[in-house]
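Hello,

Here is the structure I promised to pass on to you. Have a look at it first, and then read on for what was found in it.

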Amino acid sequence: MNWHQKDIKEIFEYLKSSSEGLSSDDAAKRLDEYGPNVLQETGKKTAFMMFLDQFKDFMIMILIAAAVVSGMMGELSDTIAIVVIVILNAIIGFVQEYRAEKAMRALKEMAAPTALVLRDRKPVDINASELVPGDMVLLEAGKIVPADMRLTEAAQIRIEEAALTGESVPVDKTAETLSGESIPLGDRRNMAFKGTTVSYGRGTGIVISTGMKTELGKIAAMLQGEEEVKTPLQKRLAKFGQRLGLAVLAICAIVFITGLLRGEQPLIMFLTAVSLAVAAIPEALPAVVTISLALGAKKMVRQNALVRKLPAVETLGSVTYICSDKTGTLTLNRMTVEEIYVNGRVFKNPDEQELSTHGSQPAGLFYAMALNNDAVQGGDGRIIGDPTETALFEAAERRGFNKNRLERDFPRTAEIPFDSGRKCMTTFHEVRNKAAIQDARIISFTKGALESILDKSTHILHMGKTVELTEAFRKELISVNDRMASEGLRTLAFAERRWEALPEEITPETAENGLTFLGLAGLMDPPREEAKEAVSMCKTAGIKPVMITGDHPLTAKNIARRLGIINDGDGVMTGADLDRLSIEEFRERVEKIRVYARVAPEQKIKIVRALQDKGEFVAMTGDGVNDAPALKRADIGVAMGITGTDVAKESSHMILLDDNFATIVKAVREGRRIFDNIRKFIKYTMTSNSGEIWTIFLPPFLGLPIPLLPIHILWINLVTDGLPGLALAVEPGEKGIMNKPPRHPKESIFAHGLGYHLFWVGLLMGSVSIFTQAWFMKTGGTHWQTMVFTVLSLSQMGHVLAIRSETESLFKQGLFSNRPLLGAVLLTFLLQMATIYVPFLNPVFKTAPLTAGELFISLALSSVVFFAVETEKWFRRRRLRMQTARDDA
């Protein structure tokens with residue numbers, strides 16, 4: 001039912017209630033019928049089940065199987081390493097899932113604990129969970145609204161609804177019936193919603209919805225119903241794990257059968273096949289992914305982005321759309337006086353000197369701004385009060401009109417508070433400073449909507465003189481006001497009246513007439529300077545910024561235009577426009593829309609889903625309760641750290657500690673770097689594994705024995721995959737990382753030539769190893785097995801140095817630009833030398849000391865892979881230069 005469009009009498013009849021409230025008996029019956037006024041939670045998984053769920057991943061199952069086989073073969077070090085990696089991975093996954101469950105708890109805590117209601121015609125304090133439809137609730141400043149209600153009485157009541165609707169300033173409420181179709185939540189001025197806070201005044205309302213039927217309850221239901229979307233990395237790794245598992249089983253079977261056909265011993269062939277299987281599986285991958293994400297998350301905290309769910313770090317690199325809230329993220333979340341109209345001139349954010357230069361020092365206007373103002377300055381210098389009033393306080397203070405100082409010369413003696421009917425407020429002040437104002441003992445200042453102040457004014461202050469407010473002046477003022485409003489500014493008009501004595505009867509009728517018009521102020525929450533640069537960077541990086549706000553369409557359009565999100569001719573889609581479109585129609589248009597205004601919570605989810613249906617990857621920012629379901633649904637939910645509610649933070653993947661849009665762009669850059677590094681690790685480890693497979697797989701077909709023993713394979717796997725692979729996680733970002741378009745979300749992990757590289761470099765690595773075996777067996781060398789073992793190990797070190805960049809040469813990058821990697825390569829080299837030259841390790845690894853000549857040849861052959869990959873990069877750079885030259889031409 002559209003309660004806001006119903007007359008109060010009609011609502012009383014429908015709910016079988018009255019202005020005197022319900023009886024205790026009637027309330028008890030209704031409590032049985034409607035249930036308690038609480039938010040309900042769906043069936044939850046136990047913590048133990050959440051932990052077990054972490055082991056369902058296919059890659060994790062393969063690793064567990066590898067650990068069991070390694071244990072059976074007596075390779076306990078491998079078994080322990082794999083088990084530690086798997087358990088660490090499970091703990092991280094469990095912590096993330098457990099945190100998500102806290103979102104509902106935070107939402108429940110927003111509900112008011114008690115409510116003041118009329119029961120049996122008397123006001124009583126009851127537990128808010130006992131409220132029922134038909135109850136009459138008394139509201140006053142500081143109270144949390146305990147249920148959704150239709151206001152029946154509104155005495156200058158203002159309600160802070162930012163958390164629910166996104167409205168940046170408290171909303172003036174009324175008890176009048178509203179008319180019009182499709183009125184957005186934020187414009188239902190005669191309604192009060194569960195979980196919002198009364199900031200000023202008092203009122204009475206009849207409860208129309210409780211529990212899960214309230215607007216807050218609908219959000220809770222959406223929050224429970226929204227599935228978290230898997231990150232691109234999770235999807236890619238799951239697919240990669242499945243394919244790898246099948247490929248490994250096939251290769252092992254072929255190696256085992258081929259060995260048997262050649263007459264090798266079944267036990268030796270079984271151990272070789274199993275060793276190959278363990279070697280082929282990159283067991284360090286989950287650890288590298290986790291460490292890369294954790295290091296990235298640590299770096300992002302220093303840039304004011306707190307990551308709550310680790311996979312989100314990488315997902316940022318895939319983002320194609322950033323849907324951002326306006327207030328506080330793209331703007332400063334601080335109302336500011338942007339324009340002043342005085343003495344027939346408009347000044348854009350003028351300072352005192354500029355006003356004086358034009359002979360327009362409008363003392364009266366700034367007296368009005370400072371004195372007709374309920375904002376107060378605390379001992380720490382902070383200004384506390386309504387956002388509009390604090391903006392006026394600051395504007396007057398910046399020009400030398402400090403309220404605290406002025407109040408000593410002009411103390412307030414009376415006031416007529418603001419109400420939504422008159423659309424103005426008036427304050428009276430005793431004139432003690434006769435030098436400033438000579439012809440009055442009392443002065444009153446009135447501020448409010450232009451039409452209201454014009455109706456009450458007969459004169460205007462123009463060029464320092466009081467003259468009659470003619471029709472020409474009126475037309476000019478209306479024109480200036482309309483122009484300011486069209487640019488999204490909130491306008492306030494100011495007037496004064498001078499008195500010989502305080503009126504005996506202080507009422508709007510006696511005091512608010514015969515006023516002298518002083519001037520107009522245009523206010524706005526201005527855009528952040530750094531947000532404009534961040535929007536431009538987004539566009540360069542192929543990311544489309546979208547503004548979604550509960551604010552007025554004109555304000556949204558002006559801010560978006562100033563930030564460069566839209567151009568002058570572009571339109572804005574409102575929540576009402578969105579309602580009229582079917583999901584199919586909206587899906588066709590969604591990629592063209594850049595600004596949404598006056599949107600409801602469920603519409604934010606509609607926007608996210610429509611973009612996801614078109615294959616886009618969406619980051620959504622938000623701070624209110626109303627944002628929580630959309631934050632959970634988005635590929636990356638970004639909550640505000642300063643203004644964000646606990647519900648929004650618990651539903652998010654990442655929290656902006658400075659509430660700044662520019663921080664998201666920094667996080668995207670970091671996400672791209674991390675994915676690049678994970679991809680480099682996969683490139684490195686899978687090429688190494690490919691080289692090992694070719695080295696064992698091909699010799700039997702060439703009439704050669706299998707060159708490596710199981711111990712060699714497991715050693716290479718343990719030493720080369722470990723430290724050098726982990727060191728790739730700290731590789732700096734490549735140049736121009738933010739000049740590329742985002743990766744396509746469905747793009748394979750082997751895209752952009754990675755699969756081809758893995759094949760040819762792995763084959764080259766295997767070929768060099770087999771060439772070493774064949775040559776030294778033919779020339780009668782007795783250390784050929786040790787040489788193959790060394791060539792294969794060190795080829796992988798050359799490879800890891802060469803793949804640090806997709807295009808840039810290592811000689812240009814410099815060896816010392818990734819010191820951890822250089823250290824890991826040197827340590828691996830020393831460990832490999834130890835297996836050859838430390839006597840007690842020779843029988844363990846079945847190796848023999850190499851002569852200086854044999855070692856030199858091994859090192860020379862090991863460098864073949866490094867120079868081959870450097871040559872590949874040279875061709876790639878050449879191709880890019882030619883392409884750039886063609887594009888420029």
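**Helix 27 and its two neighbours**

Helix 27 and helix 32 cross in a right-handed way (right-handed means that the near helix is turned clockwise from the far one by less than a right angle, left-handed that it is turned anticlockwise). Their axes come within 10 Å, with a crossing angle of roughly 155°, and helix 32 covers residues 819–837. That angle makes helix 27 roughly antiparallel to helix 32 (over 145 degrees counts as roughly antiparallel, under 35 as roughly parallel, 65 to 115 as roughly perpendicular and the rest as oblique). Axes here are lines fitted to C-alpha atoms, for helices over the stretch in contact, and angles run from 0 to 180 degrees between N-to-C directions. On the helix 27 side the contact is made by Trp 715, Val 719 and Thr 720, and on the helix 32 side by Thr 828, Leu 831, Gln 832 and Thr 835 (contact means heavy atoms within 4.5 Å). Three of these residues are nonpolar, four are polar and none is charged (Ala, Val, Leu, Ile, Met, Phe, Trp, Tyr, Cys and Pro count as nonpolar, Asp, Glu, Lys and Arg as charged, and the others, Gly among them, as polar).

Before going further, please keep in mind that this is a predicted model, in which local features need pLDDT of at least 70 and side-chain atom pairs count only at pLDDT 80 or more, while totals for chains, interfaces and linings use all residues. Residues are numbered from 1 along each chain as its sequence is written, and side-chain values use heavy atoms, with hydrogens and water left out.

Helix 27 (residues 710–721) also meets helix 30 (residues 784–802), where the axes come within 11 Å and cross at roughly 20°. Helix 27 and helix 30 are therefore roughly parallel, and their crossing is right-handed. Helix 27 brings His 712, Trp 715, Ile 716 and Thr 720 to this contact, and helix 30 brings Gln 785, Phe 789, Leu 792, Ser 793, Gln 796 and Met 797. By class, the contact has five nonpolar, five polar and no charged residues.

**A closer look at Phe 789**

Phe 789 lies in helix 30. Is Phe 789 buried or exposed? Phe 789 is buried, with a relative accessible area of 0% (buried means under 20% relative accessible area, exposed over 50%, and partly exposed in between, with a 1.4 Å probe and protein chains only). Leaving aside residues up to four places away in sequence, Phe 789 touches Leu 708, His 712, Trp 715, Ile 716, Gln 832, Thr 835 and Thr 847. Thr 847 is 58 residues from Phe 789 along the chain, and their C-alpha atoms are 8.7 Å apart.

**Helix 1**

In helix 1 (residues 8–15), the residues Ile 8, Ile 11, Phe 12 and Leu 15 are buried. Seen down the helix axis, they fall within an arc of 100°, so they line one face of helix 1 (the arc is that of the directions from the helix axis to the C-beta atoms). These buried residues pack against helix 2 (24–34), strand 3 (136–140), strand 4 (148–160) and strand 7 (197–209). Lys 9, Glu 13 and Tyr 14 are exposed on the face turned away from the buried side.

**The whole protein**

The protein has 34 helices and 26 strands (DSSP runs numbered from the N terminus, with helices being H or I of at least four residues and strands E of at least two). Of its 889 residues, 55% are buried.

Enjoy exploring!
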